[in-house]
Amino acid sequence: MLPENPMLAKLQNSVKAGEKLAMLTCYDATFAKLMELAGVDILLVGDSLGMVLQGAENTLNVSMHHMTYHTKMVKNGAQNTVIMADMPIGSYEQDNEAAYKNALWLIKSGAHIVKFEGGGKRVETARYLVERGIPVCAHLGFTPQSVNQLGGYKIQGKTEESASQILSDAKAMSEAGVSFVLLEMVPAVLAKKITESINVPTIGIGAGVDCSGQVLVLQDLLGIYTGAASKSLVDFKSPRFVKNFLAESAVNGKASIQAAVTAYVQAVKEKTFPAAEHSY
Ligand code: KIV
């Protein structure tokens with residue numbers, strides 16, 4: 001059994017006290033240090049690195065080796081911030097023992113908590129890891145590793161049936177002992193209902209302002225992601241939930257990455273981000 005992490009407990013307590021959590025993706029030591037100084041609550045070593053670092057069209061080629069490498073880099077830059085690492089496709093679906101082995105590899109690389117996608121059968125995987133001392137974040141709603149099954153980057157939970165499936169998955173994950181539920185691209189009213197119905201904090205991306213916290217991909221926040229390396233710039237359009245904090249925080253035309261990250265943290269804490277225009 002791994003020892004319980006006091007930094008995770010502290011985050012859960014601040015949510016209970018009414019504070020919003022600011023999370024950002026992070027893949028290296030330089031940004032980890034900068035984000036820690038800016039007060040980011042959780043650094044997510046996301047498998048979005050397949051897209052924003054490797055230039056791929058989706059996250060489907062990301063491996064455990066990529067994830068553990070980047071988790072170590074982030075840990076080198078930030079010793080005092082919670083690090084969440086994504087379990088890449090193929091690392092947790094086949095059986096619970098393999099999921100445990102891979103989750104432990106991420107923890108030994110510096111993560112405090114692992115995240116994986118899906119409800120349904122994944123609830124038992126979450127329970128299996130939690131019972132063995134590995135903190136878990138469940139990722140529901142739009143799940144990028146299933147982009148092909150979902151028919152593209154589409155909002156989830158729009159029909160009554162799909163909304164009630166996401167709600168019941170969130171409840172089951174909370175009962176299984178996960179520490180957070182991340183909700184991606186779901187209607188704001190559904191995210192609010194889920195947040196009010198479960199005992200653990202929710203973290204939203206394209207899920208409205210009523211989640212317990214928010215996450216963005218760093219390159220989206222800086223306005224520097226322009227799509228897959230193989231695609232033309234003219235075909236790229238940022239998703240609705242993205243906001244360019246680099247442009248917004250510039251003073252006299254001068255932009256700074258530190259100021260942009262700080263502005264994001266402040267906007268999340270003050271609930272000015274996401275606004276209605278970033279929500280569904
Ligand atoms: O990999 C990632 O960056 C994520 C976010 C989209 C939440 O999972």
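User: Where does the ligand sit?
Analyst: In the largest pocket. Keep in mind that the model is predicted.

User: Which residues come nearest to the ligand?
Analyst: Thr 25, Asp 47, Ser 48, Asp 86 and Lys 115. They belong to a set of 13 residues around the ligand.

User: What does Ser 48 do there, in distance terms?
Analyst: An N or O atom in the Ser 48 side chain is 2.6 Å from an oxygen atom of the ligand.

User: And what about Lys 115?
Analyst: Lys 115 has a polar side-chain atom 2.7 Å from a ligand oxygen. For Asp 86, a polar side-chain atom lies 3.0 Å from an oxygen atom of the ligand.

User: How much of the ligand's accessible area does the protein cover?
Analyst: 95% of it. On its own, the ligand has 260 Å² of accessible area.

User: How does the shell divide by class?
Analyst: Five residues are nonpolar, four are polar and four are charged.

User: Switching topic. How many cavities of 30 Å³ or more turn up?
Analyst: One, in a search of the whole structure. The volume of the largest cavity is about 30 Å³.

User: Which residues line the largest cavity?
Analyst: Ile 205, Gly 206, Gln 214, Val 215, Leu 216, Phe 241, Phe 273, Pro 274 and His 278.

User: Which strand gives the most to that lining?
Analyst: Strand E8, residues 213–216, with three residues.

Technical notes. Residues numbered from 1 in each chain as written. Predicted model: local features only at pLDDT ≥ 70, side-chain atom pairs only at ≥ 80, totals over all residues. Heavy atoms only, no water. Near = heavy atom within 4 Å. Polar contact = N/O pair within 3.5 Å; in protein donor to acceptor, adjacent residues only side chain to side chain. Areas by Shrake-Rupley, 256 points an atom, 1.4 Å probe, with all protein chains shown as cover. 1 Å grid on protein atoms, 1.4 Å probe; cavity = no way out; pocket = protein on both sides within 12 Å on 5 of 7 lines; lining within 4 Å. Sits in = over half its atoms within 2 Å of the grid points. Nonpolar A, V, L, I, M, F, W, Y, C, P; charged D, E, K, R; others polar. Points joined across faces, edges and corners; volume = space filled by probe spheres on them. Helix = DSSP H or I, 4+ residues; strand = E, 2+ residues; numbered from the N terminus.
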